[in-house]
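Walk through this structure one interface at a time. Keep the sequence and the coordinates in view.

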There are 2 protein chains.
Amino acid sequence: MPALTSFVTYDASHPFSLENLPYGIFSNASNPNRRAGVAIGDLILDLCALSKSTWFKDTGIDDPTILQQPTLNALIALEPGVWAKFRAFLQSLLSSSSPLSKASAEEKEQLFAARLAPSVQLHLPIEIGDYTDFYSSIEHATNCGVLFRGKENALQKNWRWLPVGYHGRASSIVVSGTPFHRPCGQILPPQAEEPVFAPCKKLDYELEMGFVYGGSATKPGQRLSSSEARKHLFGCFLLNDWSARDIQAWEYVPLGPFLSKNFCTTVSPWIVPLLALEPFKAPQYDHQPALLSYLEDVDGYNFDVPLKVEIRPAQASGEVYTTVAKSSVKHTYFTPAQMLAHHTTTGCTMRPGDVLGTGTLSAPGTEGYGSLLEKSEGGKRSFRLFTATPAVKVGSQGEVLVDGKDASSWIDANSVERTFLEDGDSVRMTAKVEGDGFCIGFGECEAKILPALP
Amino acid sequence: MPALTSFVTYDASHPFSLENLPYGIFSNASNPNRRAGVAIGDLILDLCALSKSTWFKDTGIDDPTILQQPTLNALIALEPGVWAKFRAFLQSLLSSSSPLSKASAEEKEQLFAARLAPSVQLHLPIEIGDYTDFYSSIEHATNCGVLFRGKENALQKNWRWLPVGYHGRASSIVVSGTPFHRPCGQILPPQAEEPVFAPCKKLDYELEMGFVYGGSATKPGQRLSSSEARKHLFGCFLLNDWSARDIQAWEYVPLGPFLSKNFCTTVSPWIVPLLALEPFKAPQYDHQPALLSYLEDVDGYNFDVPLKVEIRPAQASGEVYTTVAKSSVKHTYFTPAQMLAHHTTTGCTMRPGDVLGTGTLSAPGTEGYGSLLEKSEGGKRSFRLFTATPAVKVGSQGEVLVDGKDASSWIDANSVERTFLEDGDSVRMTAKVEGDGFCIGFGECEAKILPALP
């Protein structure tokens with residue numbers, strides 16, 4: 001499929017192409033009200049302004065006030081057919097042949113905002129009624145299992161039968177760019193008999209994707225099949241399920257993670273419609289043993305969207321990020337639709353705007369660790385983060401030189417060690433998939449760690 | 001303290017005294033809009049109507065629209081000092097010496113609704129952002145521990161150090177009177193190697209109290225001490241954390257209960273202000289080992305509010321309920337304020353309307369089991385429920401006669417066996433505490449079990 005072309009110009013590697021059109025909530029200096037927008041290139045199409053303009057016709061959305069809310073919930077609550085029609089309308093409106101391309105500068109100024117202008121603030125795009133976090137990457141579950149129980153018993157007996165999950169804390173979810181304080185809590189020090197109250201020493205991230213439930217709410221008791229569930233998935237965003245490993249280890253028996261996960265959960269500001277990810281389907285896992293029939297989904301699929309985690313250590317001079325993990329959304333043993341279907345089996349009510357996190361998306365191999373728990377083997381192995389950008393050259397003898405020094409002495413002088421995160425560190429997650437002449441990107445999911453409050 | 005007297009007449013055993021004044025959300029035939037009300041005797045004072053009347057002055061609430069909402073959240077979000085002032089205003093307005101007592105019948109008709117009128121509907125009184133469930137009764141935790149791990153290891157190592165809790169599902173919470181379908185889910189049959197998908201066979205209740213967070217939201221990272229936390233507890237209601245034990249047993253490793261708890265959680269419709277429970281303080285537990293200082297609360301206390309669980313079996317002719325448990329709110333090892341304080345330690349944001357469930361409130365002794373898991377020892381011991389009301393008499397020889405028969409043959413003919421709940425059973429929880437010439441009651445927390453959906 002060749003790239004679509006828009007009158008908004010951007011290059012083929014740009015994350016916010018006409019094929020993407022992610023939804024967000026923004027405000028800026030010219031209008032401090034939170035309102036819906038669609039990212040296209042370096043612009044934001046203001047959906048609130050659009051809904052009040054003459055361009056708003058044949059959109060599939062009968063009620064323009066749906067686009068005049070401070071969250072996307074009303075839009076997300078529409079039926080999937082309406083999402084598709086509205087997306088087609090937007091793609092046409094923004095295409096290079098659109099009459100809008102010939103509109104006056106003044107008219108365009110009313111409809112578009114400069115996305116990267118300093119006054120632009122991106123807000124949490126949805127009001128989240130309930131947030132569920134799964135544990136669906138077989139690599140992650142295996143890595144954790146090996147750490148805690150050894151290789152023989154890495155996966156618990158139920159793991160291949162159902163998407164293991166738990167309820168997260170909706171109030172913990174904040175938008176990318178919101179710093180947070182290192183959490184304090186009860187920790188059992190090594191070899192100690194009694195816990196202490198102290199700042200977390202094993203602060204970790206978890207690389208996840210959050211899927212947003214849309215369409216009408218389910219009725220109490222209503223079960224969705226996997227194929228019905230698939231239609232209810234509106235879109236997704238990056239999700240960092242920050243975790244305090246030492247607090248978690250002490251508190252989690254027998255009811256699961258609680259305070260170790262509820263202090264902050266960062267999401268990227270743009271919700272990428274699942275319709276935009278259709279070209280990037282990946283086969284679902286070969287489920288062995290075979291799933292129970294209610295979970296089976298012969299037409300089911302995953303999404304192959306490459307993911308990256310980078311850390312900028314506190315000591316970095318400038319914007320120096322070191323990549324610490326690469327993975328993909330495809331590493332969920334159960335598809336997002338299967339997670340949602342399973343979620344409804346007992347009759348749990350789903351409401352538009354509910355979020356389903358995949359759990360840590362680890363890929364096979366040491367570069368695929370989606371958390372530091374895995375990367376540092378629970379704190380036993382350190383790794384290095386750059387504090388400066390190396391200028392690598394090959395010397396006259398063919399040796400690798402970095403700023404004129406040999407690589408290892410340069411690294412020693414320009415990097416720091418980590419096992420878990422330190423105050424001042426920033427973690428950035430990104431996701432971007434390349435199509436034929438275009439890209440679909442998710443923007444950034446980033447936050448900086450502030451010192452614990454006294 | 002002698003009883004307060006109201007111009008609304010009710011007897012000394014009435015649950016909704018002038019000392020109580022619980023808040024709820026109701027609608028009725030004369031006005032189908034959901035609105036706030038206060039229960040007094042067999043009437044509801046319509047707070048929405050009151051806020052628009054000439055009687056609304058010196059209430060402590062500056063903005064009358066706070067009382068014109070379809071939930072209590074705006075009222076609950078006010079500062080604790082305002083709750084106290086508004087409560088004092090209501091007690092004065094409803095007192096026997098109030099000028100309102102001499103108002104015209106027409107005027108009273110506008111302000112009051114008949115609470116028991118068939119058209120009155122009581123709704124979920126708050127919009128619940130997040131719902132947390134603790135595990136704070138030492139009797140319950142010990143009983144469960146003995147079942148699963150034996151007497152020696154009944155309490156896990158962390159249990160006496162911190163209030164163990166987990167995040168529940170806010171969307172699962174419904175108001176008393178809402179029937180629900182028996183959940184289906186994955187269950188590992190006894191001795192089986194592979195799970196099946198089937199209706200739950202071990203459907204259970206959990207007798208709990210839900211405490212409602214009020215006042216301003218905490219800031220991210222903000223920790224509340226136990227004494228600060230106490231001021232944020234607005235009120236409480238009965239909470240039945242329905243549980244599917246067979247689904248729970250298979251799914252809960254390692255992240256805790258999930259689908260086994262999110263299909264339905266029933267709460268009583270009236271929120272009793274904690275100010276009404278001040279006369280019923282009970283000493284907190286003697287914490288051994290001593291708590292870490294952040295949890296200490298020298299002025300802390302529990303509440304001694306007697307609780308009762310009754311079941312009306314499907315086979316009952318008429319309103320025949322058998323009492324299956326008696327307990328009290330005082331059986332939380334950590335006080336509600338300590339649970340809230342602990343909840344904020346990592347910096348988790350609390351918002352007005354958030355609910356903290358105590359966990360199953362079991363009392364010492366076999367009559368105090370707050371769940372059937374305990375009462376039936378996981379299904380091993382059955383108990384009987386009456387299907388008819390016995391008319392007990394003492395015969396001429398001093399023998400006990402029931403409807404003219406000896407007691408045991410009458411019971412055999414007029415009762416059924418249970419280990420867990422069956423379709424058509426109703427579970428009713430009530431709470432009522434007696435003061436000096438008055439009572440504080442909570443209304444009913446009841447629901448009926450419908451058959452599983454096909």
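How many residue pairs are in polar contact between domain 1 of chain A and domain 2 of chain A? The count is four, with both residues at pLDDT 80 or more. A polar contact here is a pair of N or O atoms within 3.5 Å; within protein, one must be able to donate a hydrogen and the other to accept it, and residues adjacent in sequence count only if both atoms are side-chain atoms.

Some ground rules come next. This is a predicted model: local features need pLDDT of at least 70, side-chain atom pairs count only at pLDDT 80 or more, and totals for chains, interfaces and linings use all residues. Residues are numbered from 1 along each chain as its sequence is written, chains are lettered from A and ligands numbered from 1 in the order in which they are written, and side-chain values use heavy atoms, with hydrogens and water left out.

Start inside chain A. Domain 1 spans 23–123, and domain 2 covers 131–301 + 326–367; the bounds come from an automatic or database domain assignment. Their C-alpha centres lie 31 Å apart. The buried area is about 1500 Å², and carbon and sulfur atoms give 73% of it. Buried area means the accessible area (1.4 Å probe) that two parts lose on being put together, summed over both. On the domain 1 side, A:Tyr23, A:Ile76 and A:Trp83 supply 40% of the area buried against domain 2, more than any other three residues.

Now turn to the two chains. Between chain A and chain B, 59 residues of chain A are in contact with 59 of chain B. The area buried there is about 5700 Å², with 60% from carbon and sulfur atoms. Four salt bridges cross this interface. B:Arg169 forms a salt bridge with A:Asp130, and the closest N and O atoms are 3.5 Å apart. Polar contacts across the interface of chain A and chain B link 32 residue pairs, both residues at pLDDT 80 or more.

Finish in chain B. Three strands form an open antiparallel sheet in the order β24-β25-β26. Strands are DSSP runs (E, at least two residues), numbered from the N terminus, and two strands pair if DSSP finds at least two bridges between them. The edge strands are β24 (392–394) and β26 (405–406) of chain B. B:Leu401 has B:Asp406 in β26(B) as its bridge partner.

Key. Helices (H or I, at least four residues) and strands (E, at least two) are DSSP runs, numbered from the N terminus. Contact means heavy atoms within 4.5 Å. A salt bridge is a side-chain nitrogen of Lys or Arg within 4 Å of a carboxyl oxygen of Asp or Glu.
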